[in-house]
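Dear colleague,

I am passing on the structure we spoke about, with the sequence alongside. Please open it first, and then read the notes that follow.

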Amino acid sequence: MSSTQLSAVSSSDLPSSKVFSHRIAQLDDLAAIVAIYNSTIASRMVTADTEEISVESRLNWFHEHTPETRPLWVVENEQAEIVGWLSFSNFYGRPAYSGTAELSIYLHESMRRQGLGRYFLEQAIAFAPQIKVHTLLGFIFGHNVPSMNLFASFNFEIWANMPRVATLDGVERDLIIFGKRVDSSTE
């Protein structure tokens with residue numbers, strides 16, 4: 001899919017009364033983080049996992065996220081329930097790539113199309129230089145048009161198109177890698 005096929009979501013398309021704030025995830029939040037992640041598996045739109053994962057299976061992943069280098073953020077609703085999360089993850093795990101991070105955004109179904117994804121992405125772009133990240137990546141399935149539109153609306157560009165690299169329920173799917181430089185010389 002070319003970038004010309006993506007349509008940015010304007011702020012007028014989103015609810016204007018939503019005000020979000022995030023915090024660093026705590027270990028006690030992991031069950032809610034996993035529940036939100038698991039809720040996306042059946043759609044075959046967001047993750048390459050095809051079966052639910054366990055909290056135990058995500059412990060190492062959780063501990064790889066540190067506020068100083070690769071934060072994991074959560075947003076709570078008025079009832080103090082976690083309704084979304086964003087993670088900065090290492091790209092490729094080699095020291096030369098330490099200035100590059102992959103972003104993952106997962107939202108509770110009730111929070112989709114409510115501006116929370118935009119909030120998370122805006123905050124991540126602004127925060128990245130504070131953790132010495134100059135390049136942000138998003139790995140998005142080619143049929144996940146809402147997520148591609150979100151990243152495109154923040155001037156992420158398609159840096160790679162990996163055709164038919166995932167098979168979900170017998171259907172081959174493309175993986176699109178979006179990228180954006182966020183160092184001090186760019187926005």
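**Tyr 119 and its surroundings**

Leaving out residues up to four places away in sequence, Tyr 119 touches Phe 20, Ser 21, His 22 and Val 75. Please keep in mind throughout that this is a predicted model. Tyr 119 has its place in helix H3, and it counts as buried because its relative accessible area is 12%, under the 20% cut-off. The C-alpha atoms of Tyr 119 and Val 19 are separated by 8.8 Å, although these two residues are 100 residues apart along the chain.

**The chain as a whole**

The secondary structure comes to four helices and seven strands, and from the N terminus on the elements run β-α-α-β-β-β-α-β-α-β-β. Of the 187 residues of the chain, 43% count as buried. Among the contacts between residues at least 6 apart in sequence, 65% join residues that are at least 24 apart.

**Aromatic pairs**

The count of aromatic pairs comes to 13. One of them is formed by Trp 61 and Trp 85, whose ring centres are 5.4 Å apart and whose planes stand at 70°, so the pair is edge-to-face. Trp 61 lies in helix H2 (residues 59–63) and Trp 85 in strand S3, so this pair ties together parts that are 24 residues apart in sequence. Both partners are on the inside by the accessibility criterion, since Trp 61 counts as buried at 13% relative accessibility and Trp 85 is buried with a relative accessible area of 2%.

A second example is the pair of Trp 73 and Phe 88, where the ring centres are 5.4 Å apart and the planes are at 80°, so that this pair, too, is edge-to-face. Here the link is between distant parts of the chain, with Trp 73 in strand S2 (residues 72–76) and Phe 88 in strand S3, 15 residues apart. Trp 73 is buried, with a relative accessible area of 3%, and Phe 88 counts as buried at 0% relative accessibility.

Ring pairs also link Tyr 37, Trp 61, Trp 85 and Tyr 106 into a cluster. Arg 58 lies over the face of Trp 61, at 4.3 Å from the ring centre, and Arg 94 lies over the face of Tyr 92, at 5.0 Å from the ring centre.

**The largest pocket**

About 1100 Å³ of space lies in the largest pocket. It is lined by 42 residues, and those closest to its centre are Val 46, Ile 105, Tyr 106, Asn 144 and Ser 147. The elements that give two or more residues to this lining are helix H1 (30–41), strand S3 (82–90), strand S4 (100–107), helix H3 (116–127), strand S5 (135–141), helix H4 (145–153) and strand S6 (157–168). Which element gives the largest share of the lining? That share, six residues, comes from S4. By class, the lining has 23 nonpolar, 14 polar and five charged residues.

The buried residues of H4 are Met 148, Asn 149, Leu 150, Phe 151 and Ser 153, and they pack against S4, H3, S5 and strand S7 (171–181). Just after H4, Asn 155 takes a positive phi of about 65°.

Asp 29 lies in the loop between strand S1 (22–24) and H1. Is this residue buried or exposed? Asp 29 is buried, because its relative accessible area of 9% falls under the cut-off of 20%. When its neighbours within four places in sequence are left aside, Asp 29 is in contact with Arg 23, Ile 24, Val 74 and Ile 82.

Leu 175 lies in strand S7 and is buried, with a relative accessible area of 16%. The C-alpha atoms of Leu 175 and Met 162 are separated by 5.1 Å, while the two residues are 13 residues apart along the chain. Not counting residues up to four places away in sequence, Leu 175 touches Phe 139, Ile 140, Phe 141, Ala 160, Asn 161, Met 162 and Val 165.

With best regards

Terms used: Residues are numbered from 1 along each chain as its sequence is written. This is a predicted model: local features need pLDDT of at least 70, side-chain atom pairs count only at pLDDT 80 or more; totals for chains, interfaces and linings use all residues. Side-chain values use heavy atoms; hydrogens and water are left out. On a 1 Å grid over the protein atoms alone, a cavity is a set of points where a 1.4 Å probe fits but cannot get out, and a pocket is an open set with protein on both sides within 12 Å along at least five of seven lines; lining residues have an atom within 4 Å of a point. Grid points are joined across faces, edges and corners, and a volume is the space filled by probe spheres set on the points. Ala, Val, Leu, Ile, Met, Phe, Trp, Tyr, Cys and Pro count as nonpolar, Asp, Glu, Lys and Arg as charged, and the others, Gly among them, as polar. Buried means under 20% relative accessible area, exposed over 50%, partly exposed in between (1.4 Å probe, protein chains only). Contact means heavy atoms within 4.5 Å. Rings of Phe, Tyr and Trp (its six-membered ring) pair if their centres lie within 6.5 Å; planes under 30 degrees apart count as stacked, over 60 as edge-to-face and the rest as tilted. A charge sits over a ring if NZ of Lys or CZ of Arg is within 6 Å of the ring centre and within 35 degrees of the ring normal.
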